[in-house]
Amino acid sequence: MTEAVRTPMDPADETGVQAAQSRDLFSKFDPLIAERQALLDTGVRDPFGLVMEKVLSPTQAIIKGKETILLGTYNYMGMTFDPDVIEAGKRALDEFGSGTTGSRVLNGTYQGHRECEEALKEFYGTEYAMVFSTGYQANLGLMSTLAGKEDYIILDADSHASIYDGCALGNAQIVRFRHNSVEDLDRRLGRLPAGGGRLVVLEGVYSMLGDIAPLKEMVEVSKRHGAMIVVDEAHGMGFFGENGRGVFEEAGVSDDVDFVVGTFSKSVGTVGGFIVSNHPKFEVLRLVCRPYVFTASLPPSVVATAAASIRKLMHAGNKRAHLWENSRRLHKGLRDLGFDIATKEAESAIIAILLPDQDVTVRMWQALLEQGVYVNMARPPATPAGMYLLRCSLCADHSSEQVGRILQMFETAGQATGCIQ
C-alpha cells in the first residue's frame, strides 16, 4: 500500500502549517496602515471616511451636524435633485420594482435600459449605445475585449485606474506615452512593429488636475498611424461642446473618434456607464464583453433617472455657461489669493490646488471643512508620484454668492494653516 502524498498544508506537516500561518497577505499594506494611523493620531479627521448625514441640494449637505457647501462631488450639472429626474425614478420604481436580478443578456434588460440607450444615441448622434452597471465596467469591458494579444493599447500615462485595469484584464500589449504629449504619442506609435491592431485611449478631462487633452492633435496623429481611438468623457460630458457631448466635440473630432466611454455618476447625476459608437460591428460586444455579460444590470429606477437627465442635458446651454463662469471665477480667485493651481487657467470644472506634503494637505482640508466647505483630498497613488492636492469640482447650481463664500473660506483656512500669507 502506497503512502499518501503530503501537501504543504497537510496537518501532519508541521513546517508547512507554520509557514502558511506566518504569511499574512495584508502585510504589504503595513506601511500605509501605519501612515494612516499616525495621521489620525494627530487628531485630524479621516479625509477618506467622511459621512454626509443629509444632502440638502446638489451644493449643500449636513456634515457632522453642520451645513456645508459641497465642492467635491462631480455633480457638475446639478441633476441629482432635478424634479423631472426624481419623478422618472419614482415612476420606474413603482412600475418595475427595485431591481432586475439578472444580467443584460439574460433577464436584466428592461424597457428602461433600451430607453436609456436611445437617449444616449440621440445625445451623441451615434448609431449604437451600450449601458453598463458602472463607468468603471464600461472601460474594463472595452479595453479587455477589443484588443487581443497580437494588438497594442496605447494610453496616456495618467489614465484612469479603470483604463489600466481593463488593460490588465485583457491580453493586449500596453504602451504608455507621456501625459498629454502629442510628440511622445507620435513617437510611440511610430515604433510599433507592423501587424496587429492599435487602440489609442485618451481622456477628454483628466480628473486629478482638471487639465484637458489636446484631442485635435492627438486624434490626427493616431489616425495617421492607423489606430482606432477611444475617448473617455467621464468628466467632459455635459458642458464641453455645443451639445455638451465632451471635449472631443469641442475639438471638432467627432467623426474621427471610434468610441466614447462615459459615466452617469458625474454630470448625469446617478450611477452607471456607457459606450457609444458608429462602428457597424459594435453590437457584438453585447455577446463577448465579460463585464457586461456577467454582472447584474442597473435597477429600473436608475436607468430611468439617467434617461431623463440625459434628455435634459441636451438643452442645458444656460447651465453650461454658468458652470464655466463659476469655474473661471474660482480659479482666478484662488490664484489671486496665492494658491498654487495645477493649470494656468480654468480648463474644466475641476480646480486642483497643489500642496507640498500630506500633513499640510490634510490640515488644509480639515480647516476648510471646519469653515464649512467640503473638497476632495488626493494623494499618491491616485495622483502622480509625490503630488498632494485638494481638488474642487464646481457645479452649475453653485450660486455666485456661494462661490464668493468659498473664496473667503479658502483665504481664512489658507492663512490659518500657513498655505498662503
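This is a predicted model: local features need pLDDT of at least 70, side-chain atom pairs count only at pLDDT 80 or more; totals for chains, interfaces and linings use all residues.
## A loop residue to start with

Let's begin in the loop between α3 and α4, where we find Thr101. The phi angle of Thr101 is positive, at about 60°, although Thr101 is not a glycine. Most residues other than glycine have a negative phi. Thr101 has a relative accessible area of 75%, so it counts as exposed.

Tyr74 also has a positive phi, near 65°, and is likewise a residue other than glycine. Look for Tyr74 in the loop between β3 and α3. Is Tyr74 buried or exposed? Its relative accessible area is 13%, so Tyr74 is buried.

## The nonpolar cores

Now let's move to the inside. The largest nonpolar core has 98 residues, and those that touch the most other members are Phe264, Ile310, Leu330 and Phe410. Which helix gives the most to this core? That is helix α12, residues 300–313, which supplies eight residues. Another core, made of 22 residues, lies apart from the largest one, and its members include Met143, Cys167, Phe259 and Phe282.

If we leave aside its neighbours within four places in sequence, Leu330 is in contact with Leu71, Ile351, Cys392, Leu394, Val403, Ile406 and Leu407.

How many salt bridges does a search of the whole structure find? The search finds 21. One of them joins the side chains of Lys312 and Asp82, at 3.0 Å from N to O. Lys312 belongs to helix α12, while Asp82 sits in the loop between β3 (66–70) and α3 (83–96), so this pair ties together parts that are 230 residues apart in sequence. The two partners can be described by their accessibility too: Lys312 is partly exposed, with a relative accessible area of 30%, whereas Asp82 is buried at 12%.

Another salt bridge brings together the side chains of Asp186 and Arg224, at 3.6 Å from N to O. Asp186 is in helix α7 (residues 182–191) and Arg224 is in helix α8 (residues 215–224), so here the parts tied together are 38 residues apart in sequence. Asp186 is partly exposed, with a relative accessible area of 26%, and Arg224 is partly exposed as well, at 47%.

## A pair within one helix

Arg114 and Glu117 form a salt bridge in which the closest N and O atoms are 3.2 Å apart. Why are these residues separated by about one helical turn? Because they are three residues apart in helix α4, which covers residues 111–124. Arg114 is partly exposed, with a relative accessible area of 41%, but Glu117 counts as buried at 3% relative accessibility.

## Where two helices cross

Next, find helix α5 (residues 135–146) and helix α6 (residues 161–169). Their axes come within 7 Å and cross at roughly 35°, and the crossing is right-handed. On the α5 side, the contact is made by Tyr136, Asn139, Leu140, Met143 and Ser144. On the α6 side, Ser162, Ile163, Asp165, Gly166, Cys167 and Leu169 take part. Sorted by class, this contact has six nonpolar, four polar and one charged residues.

Which residues does Ser144 contact, leaving aside its neighbours within four places in sequence? They are Gly166, Leu169, Gly170 and Pro291.

## One last stop

We finish with Glu183, which has its place in helix α7. Is Glu183 buried or exposed? At 54% relative accessibility, Glu183 counts as exposed.

Definitions and conventions
Residues are numbered from 1 along each chain as its sequence is written. Side-chain values use heavy atoms; hydrogens and water are left out. A nonpolar core is a set of buried Ala, Val, Leu, Ile, Met, Phe, Trp, Tyr and Cys residues joined through side-chain atoms within 4.5 Å. Buried means under 20% relative accessible area, exposed over 50%, partly exposed in between (1.4 Å probe, protein chains only). Helices (H or I, at least four residues) and strands (E, at least two) are DSSP runs, numbered from the N terminus. Contact means heavy atoms within 4.5 Å. A salt bridge is a side-chain nitrogen of Lys or Arg within 4 Å of a carboxyl oxygen of Asp or Glu. Axes are lines fitted to C-alpha atoms, for helices over the stretch in contact, and angles run from 0 to 180 degrees between N-to-C directions. A crossing is left-handed if the near helix is turned anticlockwise from the far one by less than a right angle, and right-handed if clockwise. Ala, Val, Leu, Ile, Met, Phe, Trp, Tyr, Cys and Pro count as nonpolar, Asp, Glu, Lys and Arg as charged, and the others, Gly among them, as polar.
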